[in-house]
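Please look over the sequence and the model below before reading the notes on strands, crossovers and charged side chains.

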Amino acid sequence: MNHTEARIEQVAVAAYTVPTDAPEADGTLAWNSTTIVLVYVHAAGSSGLGYTYGNAATAEVAERLGKKCLLRKSAFQIPELHESLLRELRNDGSRGIGALAISALDVALWDLKARLLGCSVSDLIGRAEPSVAVYGSGGFTSYSDEQLTKQFSEWAASGIGMVKMKVGSNASDDPRRAQVARKAIGDHVALFVDANGAYAAKQAFALADRFAECGVTWFEEPVSSDDLAGLRSVRDAVSAPMEVAAGEYGYDTLYFRRMLEAGAVDVLQLDATRCGGFTGFLEAAAVARSFGCPLSAHCAPSLHMHAGCAIPGFRHVEYFHDHIRIERMLFDGFIPAHDGRLMPDRSAPGLGLTFKRQDAQRYAA
């Protein structure tokens, strides 16, 4: 194909709000639905699919950006298109909803380019590993002990070797809940906790010792990610093998650089649905590599398995309960974890996903 002929002809955007299967909460928020914002970019008889998770207002921003910056441009020039999207948001701000919109459009561009070239996104990016590890993520603070036990024991039985629970809604009860989780998964599955920034630094110091008693090895956002000094103080206070992780709320490489320069984390979390799609994810990964900091991906497993395979030494993808459920429901081509790992289907073009429009219609926002 003559690459200059693959001009983008249409951008279509829609949002779908899917109720949760039970009330959910973490240390700082409660919710009963999740919204997925879907983007299609069309060129030369092919369509690229991208998506993000966030407020439905993201759809309006993504549609405006796509029509302003992408139409009639070559679908193959992703760096140029990505920069044009960022420039267009200069006065509005390229973080928050703007970043979510750019992320969905960027993922769609990568999917489109791979489909035009007849390869998977994994092969288009390039692979360091054929598959990525996952950790089961749920254990919401709204769950009863029975719900927590059922979810975690099922993940452990399926071969997932790491699970993460939410903490922070009731700090005094969190050590007991961690013991419930440990009993559910046994001694050979790693246990992570995520406070979503709910604790104060001294509170986090004390709780880290309690969590260590039941073998917790990952303490995510013990304090707010905006408090880099606080994160660093917790990181300095906890003992190996416990690691401090954060970064899921980062929208650009400057955010990640500041976090790394502060020595605030042992592991940096990236989210391609927030940090500029695959383009932003790969840029941030290069920054993290320059600091010698390992990476983990936040949620959206059907996207992150492609990006994660490209990163040498990549840790794992968050196999988040809500996103597993939505992606399984709404996408043909969804790949579940097998023995605790995700492997992209290299025989399928692009992301290998086809959106189930009819099934999704009842959730249209």
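The briefing that follows takes up strand pairing, then the connections between strands, then salt bridges.

This is a predicted model, in which local features need pLDDT of at least 70 and side-chain atom pairs count only at pLDDT 80 or more, while totals for chains, interfaces and linings use all residues. Residues are numbered from 1 along each chain as its sequence is written, and side-chain values use heavy atoms, with hydrogens and water left out. Helices (H or I, at least four residues) and strands (E, at least two) are DSSP runs, numbered from the N terminus.

**Strand E6 and its partners**

- Four of the five residues of strand E6 (residues 190-194) are buried, so this strand is largely enclosed by the rest of the structure; buried means under 20% relative accessible area, exposed means over 50%, and partly exposed lies in between, with a 1.4 Å probe and protein chains only.
- Strand E5 (residues 162-166) pairs with E6 in the parallel sense over five bridges, where two strands count as paired if DSSP finds at least two bridges between them; Lys 164 has Phe 192 in E6 as its bridge partner.
- Between E5 and E6 the chain passes through helix H6 (residues 174-185), and this β-α-β crossover is right-handed, a term that applies if, with the strands pointing away from the viewer, the path from the first strand over the helix to the second runs clockwise.
- E6 is also joined by four bridges to strand E7 (residues 216-220), the two running parallel, and Asp 194 has Glu 220 in E7 as its bridge partner.
- From E6 the chain reaches E7 by way of helix H7 (residues 201-212), in a β-α-β crossover that is right-handed.

**Strand E11 and its partners**

- Five of the five residues of strand E11 (residues 316-320) are buried, so E11 is largely enclosed by the rest of the structure.
- Strand E4 (residues 132-138) pairs with E11 in the parallel sense over four bridges, with Tyr 135 standing opposite Glu 318 in E11.
- Strand E10 (residues 295-297) pairs with E11 in the parallel sense over two bridges, and the bridge partner of Ser 296 in E11 is His 316.
- The chain crosses from E10 to E11 through helix H11 (residues 301-308), and this β-α-β crossover is right-handed.

**Salt bridges**

- Side chains of opposite charge can pair when their charged atoms come close.
- The count comes to 22 salt bridges, each being a side-chain nitrogen of Lys or Arg within 4 Å of a carboxyl oxygen of Asp or Glu.
- Lys 166 forms a salt bridge with Asp 194, with the closest N and O atoms 3.0 Å apart; this pair links distant parts of the chain, Lys 166 being in strand E5 and Asp 194 in strand E6, 28 residues apart.
- Lys 166 counts as buried at 6% relative accessibility, and Asp 194 counts as buried at 0%.
- A network of salt bridges links Lys 164, Lys 166, Asp 194, Glu 220 and Glu 318.
- Asp 252 and Arg 95 meet through their side chains in a salt bridge (2.8 Å, N to O); Asp 252 lies in the loop between strand E8 (243-246) and helix H9 (253-261) and Arg 95 in the loop between helix H2 (78-88) and helix H3 (97-117), so the pair ties together parts that are 157 residues apart in sequence.
- Arg 95 counts as partly exposed, at 42% relative accessibility.
- Arg 177 forms a salt bridge with Asp 174, the closest N and O atoms being 3.7 Å apart; both residues lie in helix H6, three residues apart, about one turn of the helix, and both Arg 177 and Asp 174 are buried.
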